[in-house]
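Reader: Hi! I'd like to chat through this structure with you before I set anything up. Could you put it on screen?

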Amino acid sequence: MNDTERICNLVCELLREELPDRILGEVKACILDYLGVTFAGARELSKELKAYLSSLSGEGGGAKAIGLGITAPAEDAAFVNGVSSHMSELDDGCRFGMVHVGAPVLSALFSLAGCIEITPDAFLRAVLVGYEVTIRLAATIQPGHKLKGFHATGTCGCVGAAAAAAVALGVPADRLKSVISAAAASASGLLEMMDDPSQMKPFNVGKAAQNGIVAARFGSLGLLGPNDPVGGRRGLFCNMAGEVHDGWFDREDGKKYMISSAYKKPYSSCRHCHSAVEAALTIAEAPDFCSKDIERVVVSTYGLAVAGHDHTDIISASSAKMSIPYSVAAALVLKTGGAEAMTEQMVRNPSILELTNRVSVVEEPEYSEQVPAKRIAKVDAIMKNGEVFSQKVEYSKGEPENPMTRTDLENKFMQLALSAGIMPERCRKIIAAVDELDQTDHGLQSLYELL
């Protein structure tokens, strides 16, 4: 099999096999996490997203723009939901692929759910397919993909969203290659979108979800595509990868379900910041620690976390979410790494900004050698009296090795949904509906009506 055929074969395998209860539980956890972050992002960008939807011709449609109270055609809703789901920087991902997963995949699927009938089983399998394809594809081409300047959530997420949408749409197996062809041709996303004061990073995610639906629908027509749009001599790997790491589409050696490698995010910043944030939070809780007594802070971490994340000139909340110095300073001053530390008002806090300028980020080669198995950061807070508070984190909260509990995830969902104006009783009903998604033929419909 060539590389494209490996992807198609994976999809077919996942449709045939009986899924373990543990994996179904992980799929449901990803769904709940997605809904919380999407509600939060919709609130944060409500004015702009409503204006965008109102500007479109052909308004209306059966798909919900989650958290906005507006419906639109599936492709348009998928774009908006994709933007919302990535806006708060709290969406899930996988360190092996350096990719956010649920944002493009679930934005496509929930938008389709408003326009076509999807059985609960098909929906859950589609989610799993999207996660498996996205993570495995990204892990195959990272870190060279990132070093070339591509945003894997936009590129690999598009292919994963297309595969998921194909399952939801019931695309026949002999047309999956056409779907992957269309998705590979649509895959795009530039890391430049996160630089400077840019607020455009979520655009990559919205387009991945939108293009995933378009690719699935167009591919279902059965038009003949190239033999190997992913691994061909002018295909996705050739143009977007540096080194290609074979074996990620093999389901042996503990890699039967890569959804198990997905992390959930407790802190509202880029995942490359999280180990440092967690270390800073531990320091901040020390009985004799006071952030006002800090002389300077040194963050030692892996090389891929430094470039693009070591800036101290914080122009906006989007800039703050990408900055290790700001995220660490906020954790030390506020004793939190949550969304409340990343508001436009908070990123102008003089105490945090002053400390941000005294945080330096350096590469520790030993830590770089352990990526992607570990994402390590060590924070040294050097005090004015010469005392040093140090903390090292190897697996930040939310990684499979240090997971968020079910209670953690429910609390995260409640906090984000309540902050977006969702009433408590409705929040509890959404949690229950996710849990019971596959217990009745109308489980997905019941959940969708609550959104």
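Author: Happy to. The side chain of Arg125 reaches the backbone oxygen of Leu14 at 2.6 Å. Keep in mind that this is a predicted model.

Reader: Thanks! Where is Arg125 placed?

Author: Arg125 is in helix α6, which covers residues 120-141.

Reader: And is Arg125 buried or exposed?

Author: Arg125 counts as buried, because its relative accessibility is 13% and the cut-off for buried is under 20%.

Reader: Which residues does Arg125 touch, leaving out those up to four places away in sequence?

Author: Arg125 touches Leu14, Leu15, Arg16, Glu17, Glu18, Leu19 and Val167. Leu14 is also the residue whose backbone oxygen the Arg125 side chain reaches.

Reader: Nice. Switching to rings: how many aromatic pairs does a search of the whole structure find?

Author: The search finds seven aromatic pairs. One of them is Tyr52 with Phe79, whose ring centres are 5.2 Å apart.

Reader: Why is the pair of Tyr52 and Phe79 called tilted?

Author: Their planes are at 50°, so the pair is tilted; planes under 30 degrees apart would count as stacked and over 60 as edge-to-face. The pair links distant parts of the chain, with Tyr52 in helix α3 (residues 46-55) and Phe79 in helix α4 (residues 74-87), 27 residues apart.

Reader: How do the two compare on accessibility?

Author: Tyr52 counts as partly exposed at 30% relative accessibility, whereas Phe79 counts as buried at 6%. Phe79 also forms an edge-to-face pair with Phe203, 5.6 Å centre to centre and with 75° between the planes. That pair links distant parts of the chain too: Phe203 is in helix α10 (residues 201-219), 124 residues from Phe79 in helix α4.

Reader: Got it. What about Phe203, buried or partly exposed?

Author: Phe203 is partly exposed, at 35% relative accessibility. Elsewhere, Tyr34, Phe110 and Phe123 form one aromatic cluster.

Reader: Which charged residues sit over rings?

Author: Two examples for you. The charged end of Lys255 sits over the ring of Trp248, 4.6 Å from the ring centre. Arg251 lies over the face of Tyr257, at 5.1 Å from the ring centre.

Reader: Last one, I promise! Where does Glu425 lie?

Author: Glu425 lies in helix α18 (residues 424-435) and is partly exposed, with a relative accessible area of 43%. Glu425 and Val361 are 64 residues apart in sequence and 44 Å apart in space, C-alpha to C-alpha.

Definitions and conventions:
Residues are numbered from 1 along each chain as its sequence is written. This is a predicted model: local features need pLDDT of at least 70, side-chain atom pairs count only at pLDDT 80 or more; totals for chains, interfaces and linings use all residues. Side-chain values use heavy atoms; hydrogens and water are left out. Helices (H or I, at least four residues) and strands (E, at least two) are DSSP runs, numbered from the N terminus. Buried means under 20% relative accessible area, exposed over 50%, partly exposed in between (1.4 Å probe, protein chains only). A polar contact is a pair of N or O atoms within 3.5 Å; within protein, one must be able to donate a hydrogen and the other to accept it, and residues adjacent in sequence count only if both atoms are side-chain atoms. Contact means heavy atoms within 4.5 Å. Rings of Phe, Tyr and Trp (its six-membered ring) pair if their centres lie within 6.5 Å; planes under 30 degrees apart count as stacked, over 60 as edge-to-face and the rest as tilted. A charge sits over a ring if NZ of Lys or CZ of Arg is within 6 Å of the ring centre and within 35 degrees of the ring normal.
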